[in-house]
Structures are given as C-alpha cells and as structure tokens.
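Welcome! Please keep the structure in view as you read.

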Amino acid sequence: MRKPLKFKSGFYSWKIVWSKEKTDEMFGKTDIGTKTVTIYKQDNEEIERETLFHEILHVVGEDKYEAVFSFIVEKKDWDKEENLIRLLSPALMQVLSDNKDLARFLFKV
C-alpha cells in the first residue's frame, strides 16, 4: 500500500514527509506552523504507521491540549482524561473519515 502524502484536519491541509533519514532521537515530528508531519525512516513498517498515528494525535489535539492541562478546576470530580477524550474524539474521527487512504494505510483495511 502506498504511503499517504497528505491529509486534512479541520480547515487545514497537512503534508506528510517520509524522510529517508533514520534518527535515534525521534521517530517523527509535527510542525504546526508549516502544517507538516515528518516520519523518519524505520526498518519496521508497523513503527512507521504507529508513529504517523502518534503525530496525527498531535495534530488533532493542537488547539485542545491547553484546555485540558492548563484549565484549573477545584472540583474533585474533574476528570482530565475524560475531558481530553471528549475533545479529541470528534476531531480524530473527522480526520479518519475525511482521509480514507490515510485510515487504510494506518489500519491495513
């Protein structure tokens, strides 16, 4: 299956760069300013796919993480994990729904 080269998240179009460079420092990176996800070369395709999914989580959560982690609440029933999932779930579903080739690549379906 061909590696995807782009995807949409919300209003923005993102570019996926499949680097030929192999690095021990990181498997991938997300540049919010240029709307680019870079995946560094790996010998294992599963690591590349999981790394792409990891970077997509950075993309869909870009404007949401602050709402979860810097929001101060004094209630004892405040559940940061549930709030994060509530915020990310629709955005991640939208990315996967709008980008069928990306979903097929990630999940081999």
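Read along the sequence, the chain follows the pattern β-β-β-β-α-α-α-α. In total, its secondary structure comes to 4 helices and 4 strands. Please bear in mind that this is a predicted model. Taken along the principal axes, the C-alpha atoms fill a box of roughly 50 × 30 × 25 Å. Of the 109 residues in the chain, 36% are buried. Among contacts with a separation of 6 or more, 39% are accounted for by residues 24 or more positions apart.

**The sheet**

Let us begin with the strands. They form an open sheet of 4 strands in the order S1-S2-S4-S3, and the pairing is mixed. At the edges are strand S1 (6-9) and strand S3 (28-31), each of which pairs on one side only. From one strand to the next, the twist averages 20°.

Two of the pairings can be set side by side:

| Strands | Sense | Bridges | Residues standing opposite |
|---|---|---|---|
| S1 and S2 | antiparallel | 4 bridges | Lys 6 and Lys 15 |
| S2 and S4 | parallel | 4 bridges | Ile 16 and Val 37 |

S1 and S2 form a hairpin with 2 residues between them. In its turn you will find Gly 10, which has a positive phi of about 60°.

Which helix lies across S1, S2, S3 and S4? That helix is H1, and it runs at about 155° to S4.

**The core**

Now look inside. The largest nonpolar core has 21 residues, and those with the most contacts inside it are Phe 7, Ile 16, Val 37, Leu 52, Ile 56, Val 60 and Leu 102. Two or more residues each come from strand S2 (12-18), strand S4 (36-39), helix H1 (45-61), helix H3 (80-98) and helix H4 (100-107). H3 gives the most to this core, with 6 residues.

Leaving aside residues up to four places away in sequence, Val 37 touches Phe 7, Trp 14, Lys 15, Ile 16, Val 17, Lys 29, Thr 30, Leu 52, Glu 55 and Val 59.

**Two helices that cross**

Two packed helices are described by the angle between their axes and the distance between the axes. The axes of H3 and H4 come within 5 Å and cross at roughly 100°. That angle makes H3 roughly perpendicular to H4. On the H3 side, Val 95, Leu 96, Ser 97 and Asp 98 take part, and they meet Lys 100, Leu 102, Ala 103, Leu 106 and Phe 107 in H4. By class, this contact of H3 with H4 has 6 nonpolar, 1 polar and 2 charged residues.

**Two lysines with positive phi**

Finally, meet two lysines. Phi of Lys 35 is near 55°, a positive value in a residue other than glycine. Lys 35 has its place in the loop between S3 and S4. Is Lys 35 buried or exposed? With a relative accessible area of 13%, Lys 35 is buried, because that value is under 20%.

Lys 108 likewise has a positive phi, near 55°, and is found in the segment after H4. Its relative accessible area is 49%, so Lys 108 counts as partly exposed.

Terms used: Residues numbered from 1 in each chain as written. Predicted model: local features only at pLDDT ≥ 70, side-chain atom pairs only at ≥ 80, totals over all residues. Heavy atoms only, no water. Core = buried A, V, L, I, M, F, W, Y, C linked by side-chain atoms within 4.5 Å. Buried < 20%, exposed > 50% of the residue type's maximum accessible area, 1.4 Å probe, protein only. Contact = heavy atoms within 4.5 Å. Axes fitted to C-alpha atoms, helices over the stretch in contact; angles between N-to-C directions. Parallel < 35°, antiparallel > 145°, perpendicular 65-115°, else oblique. Nonpolar A, V, L, I, M, F, W, Y, C, P; charged D, E, K, R; others polar. Pairing = 2+ DSSP bridges.
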